[in-house]
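Hi everyone, thanks for coming. Let me put the structure up on the screen, and then we can walk through it together.

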Amino acid sequence: MTLAKDYNNNSRRTLVVLMEDKPGVLSNVSNMFRRRNYNIESLTVGHSETPNISRMTVVVHASDTVLEQVIKQLYKLIHVTKVTDITDDDAVIRELALIRVHAISTSRAEIKQLVDIFRAQIIDVAHDSMTIEITGTEDKVDSLVEILRPFGIKELTRTGRVAMVRGGLAAGGRG
Amino acid sequence: MKMNGAQIIWECLVREGVEIVFGITGGKVIPLYHELPAYPIHHITMRHEQAAAHAADGYARATGKVGVCIATSGPGATNLVTGLANAQMDSSPIVAITGQVASGDLGTDAFQEVDITGITMPITKHNCLITNVTELAQAIREAFHIARTGHPGAVLLDVTVDAQMGQCEFVYPEAVNLPGYKPHTRGNLRQVAQAAEMINQAKRPVLMVGRGVIVAHAQDELVELAEKAQIPVSTTLLGKSAIPESHPLSLGMGGMHGESYTNLAVQQADLIIGIGTRFDDRFTSAAHTFAPQAKIIHIDIDPAEIAKRVRVDLPIVGDALNVLRELVPLVKEAGHAEWIEIIDGWRSESHEHSRHWEEGEVLVPQYVVRSISELTQGDALMVSDVGQNQMWEAQYYIHNRFGGLISSGGLGTMGFALPASIGAQAGCPECTVWVVAGDGGLQMTIQELATIVQERLPIKIALLNNGYLGMVRQWQEFFFERNYCGTPILGPDFAKVAEAYGMAGITVCEKAQVGVALERAMQIDGPVLIDFRIEQEHNVFPMVPAGRPIDEMIRRPKQV
């Protein structure tokens, strides 16, 4: 049986990657995904609780065998210290989006109502637009985006997925 | 003690055991070269930076030590790229040091500025840019550590010219600080015991040995395992010379141009024990067709190599030497007489296909290589190039010297052999070093003949000259309607070229002249190039067409 990349059996996997905060390490990770032909859906990076250690959340489309390779290839990068697959863990997964939507006086009230239903926030209002901030699961962000689309979305930015396992276990803290 | 950056680099290199470096100077390494005469390091001035990287690679493979090459910024650095990729693919430990524009000029497209750490990121095991003299010592210590340990590879250090000239207190770092880098060198004992159990139960086992066994110096343990349980040993191209090839259990190289009996044994085996190999496609062909009846044990130091291409029933991550030392005592003595008899049957049947070139009149490459093999008793350090010449070397030179073959396996870099032989001969002055190259590859780095003469290296070069880029021509003949597009190449009179560079040159056109020419080459106390004008459209057999199982090979014709 071949282990060639089998995209028929793909599913979304969420990896938490801890790495030393050195120059070039982010491009080294993204470069590896590109050159090995792995399919990234989103990638976010920021500081972790430990000084000089960055924490990356990567969402990849991969089969079990490809995922195993992804994890090993990540470990092979000199500055990567820990890789955890949290796909099947009980995890808190969030994304933040900023949405600037076309809004004139007649539509403001309706938009405000929708924003409230989603527990999002209006953070800026101009004479012809409103900017909305939403934090939540990707599905929730998707839904709000779709509902606002008919009003005319002028600008949209999403952070991609960040994740943390619930309860006591830190992603970097297990064998 | 206060030192400048250049002094720190040489001081660290001396402490890492470096005796020879290969390089070319240039604008942004002048400060580095300025300090060199004060240190006990011999610098070999190459004629091209690619050759410097190949020489460092050849040196590393011949000596087992880390090879070092140096280049200036910009084009000097980009010229290293092929050599770095080649070393990285073949797990050869080299450290490249490049000069870089002053840190204040970085990112301004300054003269001879190039982002070499960015360019080489995918083809090095590790690289870094050093802009401050205080970071140098730690970076060099870690570069050598990373290059030589675990799955060895290429490391590049890019040092700005101000970091070379800046001063600081030199303290040799006691330890490396690499929390994310911890190679697994000891195999898991439970898995080792399981492997022994699988070997003890196997009826038709075959060992598949790669360069990892040579890197780990596990040759004695390999032979012990093979003899104790009577397991035939196949090798990859780079695994050749891990076991003496005149050993009765040696099957030689398998794969695309492997012997028929080797490939049949692999395909009929019920157990494959892969050691220090990455199950490369040149050996396995399409992964799903490989060894269909066999369970597979894979021993390798790099977890990322396990199950990368072929399914593995039992993985053991560890250094080949450590794992074999644990494994051999657990393996029971066995005979496998019936299995070995079957393989020997295939072997003698295969030899029937070899007669014609032994008896014929034509100057064929097999005869040249086999003559060198007999003359040197399989004990020369052979450095082969890429293509048909490489396969003929692999098929007809009987390697009895441990680590006696240096070749570009993974990247398949034409032009590798000549510069790599410089590194090999410089690192092993007492060895007889032979280059086997084709006329295509030789012309890619032929300028290094000058380096050979300047360094007085007694390298013997066997040029298998057929006037074609021969391996591609062979593919065109078999699979592309004999459309020889882009493959005929006109060469110079190579013997005259050799003489022009100041070395001996011999031309051989007939089979009867081969022996005399080789004897003469061995007698000359210095470098020699022999231009063998071999039959032009000679092919490499056996040959497995792309994607076919390795036992479906095109056999040697029984007569021409």
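Let's start with a sheet in chain B: six strands form an open sheet in the order β11-β10-β9-β12-β13-β14, with parallel pairing. Two strands count as paired if DSSP finds at least two bridges between them, and the strands themselves are DSSP runs (E, at least two residues; helices are H or I, at least four), numbered from the N terminus. At the edges stand β11 (250-253) and β14 (314-317) of chain B, each pairing on one side only. On average, neighbouring strands here are turned by 15° against each other, direction ignored; the axes are lines fitted to C-alpha atoms, for helices over the stretch in contact, and angles run from 0 to 180 degrees between N-to-C directions.

Before I go on, a word on conventions. This is a predicted model, where local features need pLDDT of at least 70 and side-chain atom pairs count only at pLDDT 80 or more, while totals for chains, interfaces and linings use all residues. Residues are numbered from 1 along each chain as its sequence is written, chains are lettered from A and ligands numbered from 1 in the order in which they are written, and side-chain values use heavy atoms, with hydrogens and water left out.

Back to that sheet. Strand β10 (residues 233-235) of chain B runs parallel to β11(B), joined to it by three bridges, and Ser234(B) stands opposite Gly252(B) there. In the loop between β10 and β11 of chain B you will find His247(B). Is His247(B) buried or exposed? With 15% relative accessibility, His247(B) counts as buried, where buried means under 20% relative accessible area, exposed over 50%, and partly exposed in between (1.4 Å probe, protein chains only). His247(B) is also 153 residues from Asn400(B) in sequence, yet their C-alpha atoms are 8.6 Å apart in space.

Now please follow me to β17 (residues 433-438) of chain B, a mostly covered strand: six of its six residues are buried. Val433(B), Val435(B) and Ala437(B) point one way from β17(B), and Trp434(B), Val436(B) and Gly438(B) point the other way. Strand β15 (residues 381-384) of chain B runs parallel to β17(B), with four bridges between them, and Met382(B) has Trp434(B) as its bridge partner. β17(B) also pairs in the parallel sense with β18 (residues 460-465) of chain B, over five bridges; here Val436(B) stands opposite Ala462(B).

Next, the nonpolar cores. By that I mean sets of buried Ala, Val, Leu, Ile, Met, Phe, Trp, Tyr and Cys residues joined through side-chain atoms within 4.5 Å. The largest has 53 residues, and Phe22(B), Met46(B), Leu442(B) and Ile461(B) have the most contacts inside it. Helix α3 (residues 49-63) of chain B gives the largest share of this core, eight residues. Where does this core lie? Domain 1 (2-169) and domain 3 (365-533) of chain B both contribute residues, so the core lies between them; those bounds come from an automatic or database domain assignment. A second, separate core has 39 residues, including Leu13(B), Val18(B), Ile41(B) and Ile70(B).

On to the rings. Phe, Tyr and Trp rings (for Trp, the six-membered ring) pair if their centres lie within 6.5 Å; planes under 30 degrees apart count as stacked, over 60 as edge-to-face and the rest as tilted. Over all chains the count comes to nine aromatic pairs. In one of them, the centres of Phe33(A) and Tyr38(A) are 6.1 Å apart and the planes are at 75°, so the pair is edge-to-face. Phe33(A) is buried at 0% relative accessible area, and Tyr38(A) is buried at 10%. Phe478(B) and Phe479(B) have ring centres 5.9 Å apart and planes at 85°, so that pair is edge-to-face. Phe478(B) is partly exposed at 26%, and Phe479(B) is partly exposed at 34%. Ring pairs also link Trp475(B), Phe478(B), Phe479(B) and Phe541(B) into a cluster.

Finally, a sheet in chain A: four strands in the order β2-β3-β1-β4 form an open sheet with antiparallel pairing. β2(A) pairs with β3 (residues 53-62) of chain A over eight bridges, and Val45(A) has Met56(A) as its bridge partner in β3(A).
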